[in-house]
Amino acid sequence: MDFDALFNEQLDRLKADGNYRYFAELERKCGKFPRAASHDDNGVRDVTVWCSNDYLGMGQHPKVIDAMCEAVRNSGTGAGGTRNISGTNHDHLRLEEELADLHGKEAALLFTSGYVSNWSALSCLGSRLENCVILSDSGNHASMIEGIRHSKAHKIIWKHNDVADLRSHLARLPADIPKIVAFESVYSMDGDIAPIREIVEAAEEFGAMTYIDEVHAVGMYGPRGGGVAEREGLMDRITLIEGTLGKAYGCVGGYITGSAALCDFIRSFASGFIFTTALPPAVAVAARTSIAHLKSSEMERAGQRRQVARLRAALDREGIPHMKNDSHIVPVMIGDPVKTRMLADYLMDQWGIYVQPINYPTVPKGTERLRFTPSPLHTDEDIDYLVSALSVLWRQCALAHAVA
């Protein structure tokens, strides 16, 4: 059998639908974010990155860089194994203490990515708690969906951010079975924010555990960067808070926080933790440095809020449609996969602006978009240049303008 022919048949179909993903070959340059070197067939040139999840530029903060370099010199590069087999390092435990403090919890547990932490924790909880039912927001990330699916627990999908629908499902479940309400704080593609207080109140009323994914919020919201739940004063009422080290903290890795018993339970039974090589100690040191810095520094968050507001105002002046939300994510709506790809290519080729098109299955068909994430390191001139480029392309491609 010609397996390559079978692979190419589906790849060709993906390309014809406009949903094939092309990766730009970028080289980050220390100290120059959001600039990067783009490598292609025509050589190397500088571009401005507009879609990074290094939301605050902490991946290039001097304190974080120095901490990681010193840790590599002290401890070397790898962890040496899983946490169980020679891989637990003093710096892992110090980072877990830092994370527990960030969220006001008894304990924390590190994973190699936010995807793995969601997949591992939800699959472990759903499979080990007898007769467990997981109630999942319909907008939840693929990592949460995969974890719930792998758990084989009974799942209920409630309408996105619809607390009345959640309540109706909870009310129909037996009172004496374990229930987990799983949701996100900031949804990464639309940028909308969950009604966390109302969700928590519903879960408390029906005796359900709350599981919140704050990966697009940690470092960004709250007086110490603890996320939207911290900003709303709700961290103590949420059972499990999951986050990432790979976005606003500029490193890599994921984690959960909660009670000591909860974290020990996941540590003891979750295969995604037990059988995975631990994060390098230098990564743990860099992440702890970044978290500690953002606990006390508001400068980065304030600068980012300013640039997000400036970009939104400039888009409004030009009539360029973007999805309204209360977060730092600015989705510019196109609604066609081929045009979205074309616009991204024009921005890169003609203007030196890099933004990745967001197509199905990441977003529903017909809602294709360009997703912009302004940072405090994007200048006013960067924003003006971006909006100027979009305005020209909007006219050239005869795209619809937003109605004032």
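**A. Ala 37 faces Asp 46, a residue of strand E3.** Six bridges tie E2 to E3 (residues 43-49), and the two strands run antiparallel. Strands here are DSSP runs of E with at least two residues, helices are DSSP runs of H or I with at least four, and numbering starts at the N terminus. Two strands count as paired if DSSP finds at least two bridges between them. What you're looking at is a predicted model, with local features needing pLDDT of at least 70, side-chain atom pairs counting only at pLDDT 80 or more, and totals for chains, interfaces and linings using all residues. Residue numbers run from 1 along each chain as its sequence is written, and side-chain values use heavy atoms, leaving out hydrogens and water.

Strand E9 (residues 240-244) is mostly covered. Five of its five residues are buried, where buried means under 20% relative accessible area, exposed means over 50%, and partly exposed is in between (1.4 Å probe, protein chains only). Leu 240, Glu 242 and Thr 244 point one way from E9, while Ile 241 and Gly 243 point the other way. E9 pairs in the parallel sense with E8 (residues 209-213), over three bridges. Look for Asp 213, whose bridge partner in E9 is Glu 242. E9 also pairs with E10 (residues 254-258), this time antiparallel over four bridges. In that pairing, Ile 241 sits opposite Thr 257 of E10.

**C. Strand E14 (residues 369-372) has buried residues pointing both ways.** Arg 369 and Arg 371 go one way, Leu 370 and Phe 372 go the other, and all are buried, arginines included. E11 (residues 330-333) joins E14 through four bridges, running antiparallel. Val 330 is the residue opposite Phe 372. E13 (residues 357-358) pairs with E14 as well, in the antiparallel sense over two bridges. There, Ile 358 has Arg 369 as its bridge partner.

**D. Gly 366 lies in the loop between E13 and E14.** Buried or partly exposed: which is Gly 366? Gly 366 counts as partly exposed because its relative accessibility is 46%. Asp 336 is 30 residues away from Gly 366 in sequence, yet their C-alpha atoms are 5.9 Å apart in space.

**E. Helix H15 (residues 380-396) spans 25 Å from its first C-alpha to its last.** That is close to the 24 Å expected for its 17 residues at 1.5 Å a residue; the expected span is 1.5 Å times one less than the number of residues. The buried residues of H15 are Asp 382, Ile 383, Leu 386, Val 387, Ala 389, Leu 390, Ser 391, Leu 393 and Trp 394. In an α-helix, with 3.6 residues a turn, residues three or four places apart point the same way. What does the buried part of H15 pack against? Its partners are strands E2 (35-40), E11, E12 (353-354) and E14, plus helices H13 (299-318) and H14 (337-351); a contact is heavy atoms within 4.5 Å. Just past the end of H15, Ala 398 takes a positive phi of about 50°.

Cys 124 and Cys 263 are both buried cysteines. Cys 263 is in no disulfide either, with the sulfur of Cys 124, its nearest, 11 Å off. A search of the whole structure finds zero disulfides, counting any pair of cysteine sulfur atoms within 2.5 Å as one. Relative accessible area is 3% for Cys 124, and relative accessibility is 4% for Cys 263.

**G. Stepping back, the chain holds 15 helices and 14 strands.** Its C-alpha trace spans about 60 × 55 × 55 Å along the principal axes. The radius of gyration is 22 Å, which agrees with the value near 22 Å for a compact globule of 404 residues; it is taken over C-alpha atoms, and the globule rule is 2.2 Å times the number of residues to the power 0.38. Buried residues make up 54% of the chain. Among contacts with a separation of 6 or more, 71% come from residues 24 or more positions apart.
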